[in-house]
There are 2 protein chains.
Amino acid sequence: MRIGELSRRSGVPVPTIKYYVREGVLPAGTLTSPNQARYDDGHERRLRLIRALLDVGGLSLSAIAEVLEAVDDPGQPVHKVLGVAAGRIIPEESGKPGESGETDEEEVEAAEGAGPESAEAREEVAALLARRGWYVDADNAAARSLAGVLAALHRVGHGAFVELLDVYADAAEPVARADLDYVRRRVAREDLVESVVVGTVLGEAMFGALRRLAHVDASARAYGDPEEAGRWAGA
Amino acid sequence: MRIGELSRRSGVPVPTIKYYVREGVLPAGTLTSPNQARYDDGHERRLRLIRALLDVGGLSLSAIAEVLEAVDDPGQPVHKVLGVAAGRIIPEESGKPGESGETDEEEVEAAEGAGPESAEAREEVAALLARRGWYVDADNAAARSLAGVLAALHRVGHGAFVELLDVYADAAEPVARADLDYVRRRVAREDLVESVVVGTVLGEAMFGALRRLAHVDASARAYGDPEEAGRWAGA
């Protein structure tokens, strides 16, 4: 199909499609003449995936480029792709460069100034892994990320929130099992990898929205008057 | 204290502190001479909160400015602050402007081209709310956000992931109840509002990291060899 048809089918404007090709997140079409390219169903599918990761997953275009590069590389083992996808959605303790207006040097300085909270947080994560009997290396990226969250909670004076860790872990276990079952139903590598990316990113957004909805409901029950409580909880 | 002391205590470099003041996320110090300002514990606490929302919560500085403005306005009812905080972390279906390189017009066009998936998603959310007996208006921001996630899943050909909705909702309920209990222990308005912001943003990051850890563990159990499986799941 031509680019106009691709735009109509995907709902993505033509200039945006061209922009995605320039940025390397969408493969170029096959040239049929010096000024015309042909696109196929693969392009349409990829466009929908880009929009979902961008709009709903909240990933930046550069993060998407990195994830899709790993997806498209057949020599890349599945676990590597997962690592890239997870790394793009779970920030590590050092933070996101650039957004805070710092130079690289300051960035490093700030990250190093983590203090005693970091050591305490790492111990809490190690204790959690031992307590739950999870087969996870304490040096795992998600474990480091969790330690970053706990350290931040201590630093802002909300160390008591860490007591909710097991409530959250109880909730995370069945969700993770269901995610894995979903992924295991896929056979082809392309499908498998894509389902992991979708599940990781959109599953995160799905849980976030459900948690907010459950806040509204819990607040309605706790405060008696559903309408009043609904307003209280930001409805 | 002077700015140098504030920097040492908080681990945030002096130029970054000045940048935060210019951007309006940190109140200016009290001038003690034309070139010198004094800062207090409130500034240190606020700096730690900014860093946590930035580094761990993944919020942009402009989102933080909006949330903190609501926190600081004593005339602002608590539910309004919650709405602002939730709105900043849960993107709605229309997507994040600017990141995709589109003009406003294209943005609108793309959002309107949502198609039949959106109607289907809204029905799925309404059915979920009815099925679970949640006291939530279907027009609630989080409900719209959830509909956006479901529509995106359908659009990328992963409508089957929507079958996990109740597994996720089962997990979200106890988490939301624990969050609310945590917030209700706070008495002072400032503490209450801050704990909601921290709980909403950092709680999200905490669950995300735990879900990833539980993926690694579930994968280890499913595939037998913990080491091999750990690698598979991106460890």
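In the predicted model, helix α7 of chain B (residues 116-132) packs against helix α8 of chain B (residues 141-155) at an angle of about 130°. The pair α7(B) and α8(B) is therefore oblique, and the two axes lie 8 Å apart. The crossing of α7(B) and α8(B) is right-handed. On the α7(B) side, the contact involves Glu117(B), Ser118(B), Glu120(B), Ala121(B), Arg122(B), Glu124(B), Val125(B) and Leu128(B). The residues contributed by α8(B) include Leu146(B), Leu150(B) and His154(B). By class, the residues of the contact of α7(B) with α8(B) comprise eight nonpolar, two polar and five charged.

In chain A, helix α7 (residues 116-132) packs against helix α9 (residues 165-184) at an angle of about 50°, with the axes 12 Å apart. Helices α7(A) and α9(A) are therefore also oblique to each other, and their crossing is right-handed. Here Leu128(A), Arg131(A) and Arg132(A) of α7(A) meet Leu165(A), Asp166(A), Ala169(A), Asp170(A) and Glu173(A) of α9(A). The residues of this contact divide into three nonpolar, no polar and five charged.

In soluble globular proteins, nonpolar side chains tend to be buried together. The largest nonpolar core of the model holds 130 residues. Those that touch the most other members are Tyr20(A), Leu146(A), Met206(A), Leu210(A), Leu146(B), Met206(B) and Leu210(B). Beyond its neighbours within four places in sequence, Leu146(A) is in contact with Val125(A), Leu128(A) and Leu165(A) of chain A, and with Met206(B), Ala209(B), Leu210(B) and Leu213(B) of chain B.

Definitions and conventions. Residues are numbered from 1 along each chain as its sequence is written. Chains are lettered from A and ligands numbered from 1 in the order in which they are written. This is a predicted model: local features need pLDDT of at least 70, side-chain atom pairs count only at pLDDT 80 or more; totals for chains, interfaces and linings use all residues. Side-chain values use heavy atoms; hydrogens and water are left out. Axes are lines fitted to C-alpha atoms, for helices over the stretch in contact, and angles run from 0 to 180 degrees between N-to-C directions. Helices (H or I, at least four residues) and strands (E, at least two) are DSSP runs, numbered from the N terminus. Angles under 35 degrees count as roughly parallel, over 145 as roughly antiparallel, 65 to 115 as roughly perpendicular and the rest as oblique. A crossing is left-handed if the near helix is turned anticlockwise from the far one by less than a right angle, and right-handed if clockwise. Contact means heavy atoms within 4.5 Å. Ala, Val, Leu, Ile, Met, Phe, Trp, Tyr, Cys and Pro count as nonpolar, Asp, Glu, Lys and Arg as charged, and the others, Gly among them, as polar. A nonpolar core is a set of buried Ala, Val, Leu, Ile, Met, Phe, Trp, Tyr and Cys residues joined through side-chain atoms within 4.5 Å. Buried means under 20% relative accessible area, exposed over 50%, partly exposed in between (1.4 Å probe, protein chains only).
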